[in-house]
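Please keep the sequence and the model in view while you read.

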Amino acid sequence: MPALTLSTSPGPLTLQARCEPQVCYVILTVQTSASGAVPSRPVNWALVADVSRSMRIPIVDETQFRSMLRNGSAQEMLVDGVPVWQLSGSVPQEVRNAASSALDHVVRALHTIVERLDRRDRLALVVFADHALLLIPGMVGSDRVTLVRAIERLPGLNLGDSTNLADGIALAINQIRANRDGRCADRILLLTDGFTRDSATCLALADQAAGEHIAITTIGLGGEFQDDLLTAIADRSGGHALFLKRASAIPQAISVELETVRAAAVPAVTIAIAPMRGVQLRRVTRIRPVLALLAEPTGAAAMDVTTVSLGDLAAGTPVTLLLEFLAPAANLGPLWLAGVAALSAGVRLADTDIQAAVTTQASPLSDDVRAAAARSMAARLMRRATTTTDPHEAARLMRAAAARFDELGEQALAAAAREQATAFEQGGGIAGIATRELTYATRRLGDSF
């Protein structure tokens, strides 16, 4: 297995001698030492697909929609002063027959996956709506005929109209456990377009998956899913969080995810941060490659060991974390802040200590630390703006996020945030495709760090 390296910045970290606690920032970079081609790994794969009624609604393309306009099946009208298109009747049968639903695209994606499976791979398929159902129980990749037959059953299933995401995740975790052999990458891929019943249970299952080194990648489809929940599930377990505006992008997204898992250089990486006595860890933010708040311990937990999951690491793609500490009052001299360890599937691969020098005059924040802190603040403001239920508070937070985007030179994001803030102030709902686009665009700020 390739080695991992840990490095910190600034080096050395200097703090000014004070008689009260002070906040300090450290950038931790985690990188693989792999060079050249990485051997392809088999995958123990569980796909969890939403099959509720919304996933079956036909999606018309532009040509079909123009046909509906010509025959009077759709017409433009104003709703609260906003022009919208409304169906004057049911979708014509010929259009319905020709249009694909999101579920149709899931079926196509599964066929593509089956074609790419290696004989060492395993694929389990869990579907859910009111309840979850195991459609494919971890079959080997070489059993393509049986896999295809099982996939063809998917459009005919009727599991209800609601979205019981927790049952689907729990069933998938059990399948990963039943089929794991230590050689495969364990991965769950979750796809939904709706709201679930029990978010707290879903997050607890994500933590459970992380503890067993099972990464969960989430795909949110359209504009009505819970982006805060899906991103949290992915971030807690070390998976990826993807947003697709169009169902037609499902096959490519799932194929790319499979190839990404195969190409990982170091699997199931976790970082354990142990503050020294008197030191508190306030926050861990992943800056690169995807911007996200990974941990925000409070109370006694801030002084205990905090573990965050990074998932599989690709060769040549460093992960950058911003660690925020509250350092105690200290006299001149060295001050140890924390010990850090990097583990892969529970095996320690690297460790380092974070130490500061307490002096009469501290150095100003470096440019990279300042930029990382600004990104961290932008991510937190966006998260708070899109999860609050108060439109006026959401607007205030969105404008604060826009100011941070301006500081980062992200004028397009700043303009979009201000436009959304205005929409909140004018009575627009907080949930919607515009806020989801902003959420996922903010996460991509890590690409420019």
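Is the crossing of α6 and α7 left-handed or right-handed? In this predicted model, the two helices cross in a right-handed way. The points below describe this packing and then turn to the aromatic rings.

**Helix packing**
- Helix α6, which covers residues 199-211, packs against α7 at an angle of about 20°, and the axes of the two helices are 8 Å apart.
- Because angles under 35 degrees count as roughly parallel, α6 and α7 are described as roughly parallel to each other.
- On the α6 side, the residues in contact are Ser199, Cys202, Leu203, Ala206, Asp207 and Ala210, and they meet Leu229, Ala232, Ile233, Arg236 and Ser237 in α7.

**Aromatic rings**
- The structure holds three aromatic pairs, and one of them joins Phe225 and Phe243 in a tilted arrangement, with 5.8 Å from centre to centre and 45° between the planes.
- This pair links distant parts of the chain, since Phe225 lies in the loop between β10 (215-221) and α7 (227-237) while Phe243 belongs to strand β11 (residues 241-244), 18 residues apart.
- Phe225, Phe243 and Tyr440 together form one aromatic cluster.

**Surroundings of the pair**
- Phe225 counts as buried because its relative accessibility is 0%, and Phe243, with a relative accessible area of 18%, is buried as well, given that buried means under 20%.
- Arg436 lies over the face of Phe225, at 5.4 Å from the ring centre.

Note on methods
Residues are numbered from 1 along each chain as its sequence is written. This is a predicted model: local features need pLDDT of at least 70, side-chain atom pairs count only at pLDDT 80 or more; totals for chains, interfaces and linings use all residues. Side-chain values use heavy atoms; hydrogens and water are left out. Rings of Phe, Tyr and Trp (its six-membered ring) pair if their centres lie within 6.5 Å; planes under 30 degrees apart count as stacked, over 60 as edge-to-face and the rest as tilted. Helices (H or I, at least four residues) and strands (E, at least two) are DSSP runs, numbered from the N terminus. Buried means under 20% relative accessible area, exposed over 50%, partly exposed in between (1.4 Å probe, protein chains only). A charge sits over a ring if NZ of Lys or CZ of Arg is within 6 Å of the ring centre and within 35 degrees of the ring normal. Axes are lines fitted to C-alpha atoms, for helices over the stretch in contact, and angles run from 0 to 180 degrees between N-to-C directions. Angles under 35 degrees count as roughly parallel, over 145 as roughly antiparallel, 65 to 115 as roughly perpendicular and the rest as oblique. A crossing is left-handed if the near helix is turned anticlockwise from the far one by less than a right angle, and right-handed if clockwise. Contact means heavy atoms within 4.5 Å.
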